[in-house]
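Q: Please take a close look at the charged pairs in this model. I would like to know where the partners sit and what surrounds them.

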Amino acid sequence: ATTAVTGTGTGTGTSKVMVGGEAADESRVYYELSALQQPPFPDGVETHRREMYLSDAEFEEVFGMTKGEWGKAPAWKKTNMKKKVLLF
């Protein structure tokens with residue numbers, strides 16, 4: 001199930017989408033890019049991994065690759081790409 005929730009986290013009216021499986025540990029929370037670009041960040045977001053809180057579709061739109069491909073990319077490339085979209 002996918003549920004969109006607005007007005008959570010920072011109180012700035014940002015949106016997050018919760019995508020969950022049957023087990024609680026399979027639940028993932030996604031935020032829009034704009035909510036991850038500058039503080040204050042939504043509660044629970046690991047600041048050094050903000051890109052991973054993008055939905056799969058938005059991640060591919062922003063970075064031009066899947067999260068799986070991202071994991072295989074060299075650190076310098078990821079750093080440069082994150083700087084371009086204000087996630088570093």
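A: In this predicted model, K67 forms a salt bridge with D56, and their closest N and O atoms are 3.4 Å apart. K67 lies in helix α3 (residues 67-72) and D56 in helix α2, so this pair ties together parts that are eleven residues apart in sequence. The two partners can be described by their accessibility. K67 is buried, with a relative accessible area of 19%, which counts as buried because the cut-off is under 20%. D56 is partly exposed, at 43% relative accessibility. K67 is also among the residues touched by F59, along with E51, M52, L54, G64, M65, T66 and W70, leaving out residues up to four places away in sequence.

E51 forms a salt bridge with K82, with 3.4 Å between the closest N and O atoms. This pair links distant parts of the chain, as E51 is in the loop between α1 and α2 and K82 is in helix α4, 31 residues apart. E51 is buried, with a relative accessible area of 6%, and K82 counts as buried at 9%. Helix α4 spans residues 75-84. Apart from neighbours within four places in sequence, K82 is in contact with H48, E51, F63, W70, L87 and F88.

In soluble globular proteins, nonpolar side chains tend to be buried together.

The structure holds three salt bridges, and one of them joins R49 to E46. Here the closest N and O atoms are 3.6 Å apart. R49 counts as partly exposed at 34% relative accessibility, and E46 is partly exposed at 33%.

A word on confidence is needed. The protein averages a pLDDT of 79, and 69% of the residues score at least 70. Over residues 1-13 the pLDDT is below 50, and this stretch has 26 contacts in the model beyond near neighbours in sequence. Residues 19-26 also have a pLDDT below 50, with eleven contacts beyond near neighbours in sequence. Where pLDDT is low, the predicted coordinates should not be read in detail.

Notes. Residues numbered from 1 in each chain as written. Predicted model: local features only at pLDDT ≥ 70, side-chain atom pairs only at ≥ 80, totals over all residues. Heavy atoms only, no water. Contact = heavy atoms within 4.5 Å. Helix = DSSP H or I, 4+ residues; strand = E, 2+ residues; numbered from the N terminus. pLDDT = per-residue confidence, 0-100. Salt bridge = Lys/Arg side-chain N within 4 Å of Asp/Glu carboxyl O. Buried < 20%, exposed > 50% of the residue type's maximum accessible area, 1.4 Å probe, protein only.
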